[in-house]
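Open the model in your viewer and keep the sequence panel in view. The stops below go through one chain and then its contact with a partner.

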Amino acid sequence: MGEAAKTVLFEIERRNSTNEESYWEKFEVPYRANMNVISALMEIRRNPVNMDGKKTTPVNWDMACLEEVCGACSMVINGKARQSCTALIDQLEQPIRLQPMKTFPVVRDLVIDRSRMFESLKKVKAWVPIDGTHDLGDGPRMPERKRQWAYELSKCITCGVCLEACPNVNDKSDFIGPAPLSQVRLFNAHPTGAMNRDERLNAIMGDGGLGSCSNSQNCVESCPKGIPLTTSIAALNRETTVQMFRNFFGSDRMVD
Amino acid sequence: MENREFLLRRLHSLLGIIPIGVFLTQHLIVNHFATQGESAFNSASHFMANLPFVIFLEIFVIYLPLVYHAFYGLYIAFTSKHNVGHYSYLRNRLLVLQRYTGIFLVVFIAWHVFETRFQVAVGNAAEADFNMMADILANPLMLAFYIAGVLSATFHLANGLWSFLVTWGITQSEKSQRYANYFTLLVFIVLSVIGIRALFAFV
């Protein structure tokens, strides 16, 4: 960038509400050192004037933590889904194209509704059930080395980037996507969670579950938290292989 | 058909290797007799065509698995939205190639079976012998079509073997999946050489 070019160019795919047609709007934002996509969007919000010099509505987007741990600010930046808080302007090719992750319903501009991910977590029973009528005391201990390994899987922030990158998560398929699948491996690894292991495996053997993966492996390449999603999927493939035979040939004892 | 998807996908994966992949390998190896001359190919082809219960072998080892794999595969292919433009990673590219070769193979195999086995079945030809293939492949366009067909089939099998290993949970780690890349590349090369050598033996 030359001395004169101290602005940043943006092309943003906008829409006013879920069912309205989208349109592109261009913005030129004054450059500041170390700026990221979010600080540029804040600049647009402060002065909502597009490239044609016309006053427009401020661009809507979602954000919370600004340090890549909440998953709220996911969007498609120059074609790839990622967190906008860690998308540094200096590392992006201009004009920077911002789009909502259209795998999800778009609420407005760059704001999407990720509630399908929560529905999927409920579907695969991604929790440890401990409620009962009396205190059951401590659960079984988890080996420290296993805890450290499981911690990597627990880093999932349900940001939805892996669903956006997956060719099989779309309106023609009911695939729940990589994130909730990997959560099954996490909760099955938990000593108390493992008591409901077969329920989770049977849940992901349902329609739109594990079977819908085609191994494009875009998820593991795209995950901002570096979760080994494809290893999780392959590991679950092995466990469901066993579960499948156990369901048919096994005895009535389903739980380990 | 509620909650049948998992089973149908697993069946699709299994049938692609056993029996279809095994059959394809056997088919290409028998074809390779053509490199030893007309009579070597004819006796091998005659042996295969006159196996006991051959019609049942064909139905259960070839036709039924192939028809299921083809049509369920088409259904799978059209429920994806491919995105190699922005996500141009190796496995994503190979997945798209897997889909395209699959669609092409439905056309190629249908034509190939019509031109050979079906002509024998309806009595237009006595046997699928060396001369039949030599006549077909004398046309350079058909030769190109067959080369594309053989390469699509060997790629589809080799790459399908890779995803079979993942789908059944055999290769889990990144390392094992990487070595499976090398192994299935080798399978692709070896089967392609066998298949292409056989084709040119008829020309």
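A helix here is a DSSP run of H or I with at least four residues, and a strand is a run of E with at least two; both are numbered from the N terminus. The model is a predicted one.

**Stop 1: chain B as a whole.** Select chain B and colour by secondary structure. From the N terminus on, the elements read α-α-α-α-α-α-α-α. That is 8 helices and 0 strands. The radius of gyration of chain B is 18 Å, close to the 17 Å given by the globule rule for 203 residues, so chain B is as compact as a globular protein of that length.

**Stop 2: the packing of chain B.** How much of chain B counts as buried? The share is 28% of the 203 residues. Next, consider contacts in chain B with a separation of 6 or more: 75% of them are between residues 24 or more positions apart.

**Stop 3: the contact with chain A.** Show chain A as well. The contact takes 27 residues from chain A and 26 residues from chain B. On chain B, select helix H1 (5-31), helix H4 (90-115) and helix H7 (140-167), each of which supplies at least two residues of the side that touches chain A. Which helix gives the most to that side? H1(B) does, with 4 residues.

Finally, colour the side of chain B that touches chain A by residue class. Its residues divide into 13 polar, 7 charged and 6 nonpolar.

Note on methods: Residues numbered from 1 in each chain as written. Chains lettered and ligands numbered in written order. Predicted model: local features only at pLDDT ≥ 70, side-chain atom pairs only at ≥ 80, totals over all residues. Rg over C-alpha atoms; globule rule 2.2 N^0.38 Å. Buried ≥ 20, exposed ≤ 12 C-beta atoms within 10 Å, placed from the backbone. Contact = placed C-beta atoms within 7 Å. Nonpolar A, V, L, I, M, F, W, Y, C, P; charged D, E, K, R; others polar.
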